[in-house]
Every structure is written in structure tokens, then in C-alpha cells.
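Thanks for coming. I will take one chain today and go through a few of its local features, one at a time.

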Amino acid sequence: MTFEQRYIGIDIGGSSVKLGIVDDAGQVSIQRALPLDVSGGRDAMVASLFDEVESLIADADLAQSDIAAIGIAAPGTIDLPNGIILHPFNLPGYENLPLRAYFADRYRKPTALQNDANAAALGEYWIGAARDAESLMCWTLGTGVGGGIVLGGKILEGAHSHAGECGHMILQMEGGPRSPFGIHGSAELYAGGKALMRRCEEALQTSRQSSLKTLASAGVAITPLEIAAAAEAGDELALELVMDTAKYLGIATVNIMHILNPEMVLIGGAMTFGGNDSPLGRRFLERVKSEVQTWAFPIPAARTKIEFAALGNSAGFVGAAACARDLVVNS
């Protein structure tokens, strides 16, 4: 095999799509991100994805024949063996979408469809922070909490395509936050972006002082970005909210470690508070590690590497391309 093999990776989010062309060495030759318009219905959405793929190939000065395979990462519940998006929580009306078949039929190329968090984990394993590891679990922190598991170079998919849904592990069976999907008290409801905003709103109803209360009184919507900025500026309540998020994530990480004993645990997604480039991000990571040291068995606590993911917003489409590459390499 030579590095001339090229793969298209597509990462479909709730409001945007990212795509790129990646070679066998994991080098990205071209990439782009654009809003995802779902207002016209599923056929129009799929047609727009086709347009973007073909535009990407043309802009890279390639032909469709230069592409070896296509990988697609998508949110929600997926029937992985059959390539069907069953229940995309943030794309209502797109249930039971046979997305893999649409792409395979149009381009006549091997096509992979994978859960977005699973794909991100494989991307990190291939060329990211876990490229020297044999096993990893990768958190994706955003509005919710996703998870992906890679063991021996393979995504752990499970018997019913549901392995790796670590954000839905239950941390508090009774008295925990309520879920519209019936999975109450889950890690997502403690450590996700919506959870952070809920806990902030609850805290602002108390007598505690915070710059966030001033912002809210002025009509500013308090998002994780505002909370992070306030924490970086020294707001005690905001910092407490961020550190509580790290605490909950640390407890969930201990559960993963005790079940899987992975070599690495990575933290990625949009809500890493700046990651290694930010004092707040580094403090967040240290709090996660502190919880692990407190609660995990001594040997995995000492030996498991816990780091931020490395690929950032590229993880999804790079991981999707890695799934496409696996189809070719393993054929």
C-alpha cells in the first residue's frame, strides 16, 4: 500500500458538517466546515452532502476515481451492520435513514457509517493523542457527553451497536437529574454542556454572588463559554461549576477504568475549557486526575494515562476517514 490512497471523511453534527480528504498516513489535504441545513428534509440534506463531497474532490484537483473509500460519522443511535441512522437525537425527522447505502450507491465505493464519538476515538487512535496506545476510551464533551472505545485497533461496537455510550452510565439512580429519554442521573446530566448550564442556573437562584448573575440580569444567555470566561477571570462560582464538571467526569472515568482498564482515557469535544492551551483547561484536567487517584484501584490509577484529545474539531471527519481506510485495508 502507498500513501496515494485517499479517503473522504464526513462528520455530521446537529448544526454543521465537517469533511476532508485524508491519505493513508493520516495527512489531511483539504478540509472544510459548513452549516448543515436540515430544513428542506432528508432528501435535500443528502443531496447537499453529495454536492459538498463533489466540490471537495474538485477543489483538491482530484477525480472521484482517486477516492478509495468514504467514511461518515453521525450522531445518535445507529444500526452499524446495516448502515442506518435509527434515532439521531438532534436531527428530528431523520429516523431510519439508510445513509451508508445512499453514499455507496452514488459513488460505488466502500462506505462506512459510524457513531460520531466512536469515529473520534478511532481518529485519536490513528493519528492523535492515542497513536502509541493499544486501548483507549475517549470522552467527547459538548452539549451532551459521548464516548468511544478502541481496543486493539478496533472500535468496540457491541452486540446491538450500543457499546461506548459512556455518557449514559447512571451515576445516581434516585434523586439525580431527570432525562427526557428516561436515563435519569446519567454522566451526561452531570458533565455535559446542558448540565453545566442547568447547574449554573440553579446556583444563580441562590444568594451567592457572581459576575454571571450580573450578566443574566442584563439578559445575556449564560452558556459554557460565559461560564468558562468568568472562571478564567476569577469568579469563584464559575470556577466551582467547572471543577464540579471535572469531578463528575472523573467519577465516570473511574467506572470506565474499572470495567475496561484502558491504557489511555482522552477528553475531547467542544467543552474542554481550552484544553492544554488554557490554565483553566489544565486545572480541569488535573481535577479529573485527582478524582481518579482518589477513587480508582491503585494500579490503574497510577498507570492509566489521562490526557486531552489532540485532533480538536477534526477528530470526527479524520475518524470517519479512518473507518473508510479500515474497509480497504481489511478487505
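Before the sheets, one term: two strands count as paired if DSSP finds at least two bridges between them. This is a predicted model, and everything I say refers to that model.

With that cut-off, take β9, residues 145–151, and β10. They are joined by 2 bridges and run antiparallel. At least two bridges are needed, so this counts as a pair. Within it, Leu-151 stands opposite Lys-154 of β10.

Where does β10 sit in the sheet order β10-β9-β8-β11-β12? That sheet is open, has 5 strands, and its pairing is mixed. β10 is at one edge and β12, residues 305–308, is at the other; each has a single partner strand, so one side of each has no neighbour in the sheet.

Next, a hairpin. Strand β5, residues 77–79, and strand β6, residues 84–87, run antiparallel and are joined by 3 bridges. Ile-78 has Ile-85 in β6 as its bridge partner. Between the two strands there are 4 residues, and in this hairpin Gly-83 takes a positive phi near 70°.

That brings me to backbone angles. In general, most residues other than glycine have a negative phi. Which residues here go the other way? One of them is Asp-61, a non-glycine with a positive phi near 60°. Asp-61 is in the loop between α1 and β4, the latter being residues 67–74. Its relative accessible area is 71%, so Asp-61 is exposed. Another is Arg-108, where phi is positive at about 55° although the residue is not a glycine. Arg-108 belongs to the loop between α2 and β7, and at 69% relative accessibility Arg-108 also counts as exposed.

Now the aromatic side chains. How many aromatic pairs does the structure hold? The count is 5. I will describe two of them. Phe-50 and Phe-103 are edge-to-face, with 5.0 Å centre to centre and 70° between the planes. Phe-50 is in helix α1, residues 42–59, and Phe-103 is in helix α2, residues 99–107, so the pair links distant parts of the chain, 53 residues apart. Both Phe-50 and Phe-103 are buried.

The other pair is Phe-50 with Tyr-107. Their ring centres are 5.7 Å apart and the planes are at 85°, so this pair is edge-to-face as well. Tyr-107 lies in α2 and Phe-50 in α1, so the contact ties together parts 57 residues apart in sequence. Buried or exposed, for Phe-50 and Tyr-107? Phe-50 is at 10% relative accessibility and counts as buried; Tyr-107, at 6%, counts as buried too. Taken together, ring pairs link Phe-50, Phe-103 and Tyr-107 into a cluster.

β7 gives the most, with 4 residues. By class, the lining has 8 nonpolar, 4 polar and 4 charged residues.

Notes: Residues numbered from 1 in each chain as written. Predicted model: local features only at pLDDT ≥ 70, side-chain atom pairs only at ≥ 80, totals over all residues. Heavy atoms only, no water. Nonpolar A, V, L, I, M, F, W, Y, C, P; charged D, E, K, R; others polar. Phe/Tyr/Trp six-rings, centres within 6.5 Å; stacked < 30°, edge-to-face > 60°. Buried < 20%, exposed > 50% of the residue type's maximum accessible area, 1.4 Å probe, protein only.
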